[in-house]
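User: Could you walk me through this one? I have it open and would like to go piece by piece.
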Amino acid sequence: MMECTTAASVITYLSKIELDTATLYEQWGSAHEKLRDSFAAFAKANRKNEQRVKRAYYSVVSDALETGFCFKDLRADIVIPEFSRGASVSDVLNLAIGLEKEIQAFYVKAANSSRALLADVPRQMDKVSQERSKRVEQLQTLAASAL
Amino acid sequence: MEFGRVKNFVEGEWVDSEAKETWQIRNPALDIVIGEVPMSTDAEVDAAVRSAKAAFSDWRRTPPVTRARYLHRLIQLLEEHFEEMSVVQTKEHGKTIDESRGETRRGIENCEVAAGIPSLMMGDSLQDIASGIDEYVIREPLGVFACIPPFNFPFMVPLWFLPYAIATGNTFVVKPSPNDPISQVKLHELIEETGIPEGVVNIVHGGVKVAERLMKHEDVKGVTFVGSTPVARIVYRTCGETGKRVIAQGGAKNFLVVMPDADLDFTVASMMTSFYGNAGQRCLSGANAVIVGKDDGFYKKFAEAFVEAARKIKVGNGLDEGIQMGPLQSKDKKERVVGYIEKGLAEGAKLALDGRKIRLEGNLPDTCFLNPSVFVDVGQQMTIAREEIFGPVACLMRAENMDQAIEMIHASPFGNAASIYTANGGWAREFEYKVHAGNIGVNIGIVAPMAFFPFSGMKDSFFGITHGQGKDAVRFFTETKVVIRRWY
């Protein structure tokens, strides 16, 4: 998997992850009435996150910042599950929990490795990561109620 | 040719130059021709200046708040075309897309600051300097200004000046670098789209002859130049002889001082950008890293970490978002850097990392590429420690203490930037206080002033009085008129 070291590569990668995951939530939501509202909200939040991180980057990007060297040991290896219409609610929730944990871990790592070098971007990543943490709890609650 | 033959922009029209002599504009990463730039004739230079002069009278009468609105519109257009502007810079210069976006953002920031001109341009007044008599000072524009920017920041550097010049009511002629003039053409297409009156901004393409004609032109009131020190001296002298205002920014040899308490990981990461960002082609680049202390272990550890980080830098086409360093802007510039590496070796410096051994990401011609080089145990008298290399070459040196490091800095004729890496506030303050350089960094590798601060420089790095950007630029582009008034 690709190692991300530059700000441009990380922003593009996160953008793809957020948007692909938004689409997946919409597909899952349309397949399961029970998940529709929560997953629609997740999809909307993903698109907002995509804009939020991208905007932070485009606002602070500068020839003086270490944009080419700000990330370390960061691998673009999050696997987004394929949508399967036949998956049960419980399967979907488990997949979503796993996915969210992976994305959250990526945000945490990205924020930590760039904290001193990339001004506002790690701050936004922290915020997204905190929201993701809450989302995992929400998904776990949904999973428990689905049992 | 992707961009064809670029045109001059005069009296609000894009016009073909009649010049027979042209330069190729090359994409240095792909080593292909992407455009052609004419070496405009004397008559064409004169026409550009005439256009600016004719526009001045109406433009200076345009209220500052109205002039600022053109800049607001330009900012909006630049945001809409942000990516397009950035990609052009990478294509014509070779820098990475992150770096080009950084350049675009810096350019926009200068427009944003200059858009505050109704406040920035205000004068001062005092009632009753004597009973019943008031005195005030107003700032007035001067007329036509010319800009001669360098190749290393083809989009941004003219924007250190242009927004302030026009916001204050002057008119402007830019002669872009013939190496990479396309981003200026794109910028002026957007300026044209703002609806700005004809002749307020103009482009005339060319090389040295065009620059000389602008500098000597009797209708040009001032010149801004950014480039090498020898040329900056000529610009300063020529403009002085013809009574012009001038900002002439020259070369640099920037020292980055590493104190024994510096955080190694952070310092090395920050220094990679400083030494190798823009392939080392910037006047704020780190050139000499001075590691302070008698501890051989610390020096060795730092040098190893530095070389290892430099070795890992991904070099390739800047349009690939994973690339950390692009090519030099041209084959000539690469050869010049190689010449310095050879000189360093001949003078006994130890080359710990040889950037002449090209390792590229992707299948690219190596015509303009070098990988990062690191010289260790560099002596202060060596050519590579003294002269501006303007490429991806780092010189690691040692000093016993901070005072010795500062002496080394002061021995250099340049004074553009200097940085210290430390956790000790006392050391940082001493450094900031003592060092004779225009831009001082504390745990900062590239001390690039924001648009609302002047882009400083001292000694052989700057010739002039006021600087580009912010309030300094407003002062440069205006002259003060004092009025003393009483009524019967």
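User: What pattern does chain A follow, read along the sequence?
Analyst: Read along the sequence, chain A runs β-α-α-β-α-α, and it holds four helices and two strands; helices (H or I, at least four residues) and strands (E, at least two) are DSSP runs, numbered from the N terminus. This is a predicted model, in which local features need pLDDT of at least 70 and side-chain atom pairs count only at pLDDT 80 or more, while totals for chains, interfaces and linings use all residues. Residues are numbered from 1 along each chain as its sequence is written, and chains are lettered from A and ligands numbered from 1 in the order in which they are written.

User: Where does Glu33(A) sit?
Analyst: Glu33(A) lies in the loop between helix H1 (7–31) and helix H2 (36–60) of chain A, and in space it is 9.6 Å from Val89(A), C-alpha to C-alpha, although 56 residues separate the two in sequence.

User: Is Glu33(A) buried or exposed, and why?
Analyst: Glu33(A) is exposed because 9 other C-beta atoms lie within 10 Å; with C-beta atoms placed from the backbone, a residue is buried at 20 or more other C-beta atoms within 10 Å of its own, exposed at 12 or fewer, and partly exposed in between.

User: And how much of chain A counts as buried?
Analyst: Of its 147 residues, 43% count as buried.

User: What box do the C-alpha atoms of chain A fill?
Analyst: Along the principal axes, they fill a box of roughly 50 × 25 × 20 Å.

User: Switching to the pair, how many residues of chain A are in contact with chain B?
Analyst: 19 residues of chain A are in contact with 22 residues of chain B, contact being C-beta atoms, placed from the backbone, within 7 Å. On the chain A side, H1(A) gives the largest share, four residues.

User: Now chain B: how is it divided?
Analyst: Chain B is divided into domain 1 (8–250 + 461–485) and domain 2 (254–442), with bounds that come from an automatic or database domain assignment. Their centres, taken over C-alpha atoms, are 31 Å apart, and 20 residues of domain 1 of chain B are in contact with 26 residues of domain 2 of chain B.

User: Which elements give two or more residues to the domain 1 side?
Analyst: On the side of domain 1 of chain B that touches domain 2 of chain B, those elements are helix H3 (82–93) and helix H4 (97–114) of chain B, and the largest share, three residues, comes from H3(B).

Terms used:
Two residues are in contact if their C-beta atoms, placed from the backbone, lie within 7 Å.
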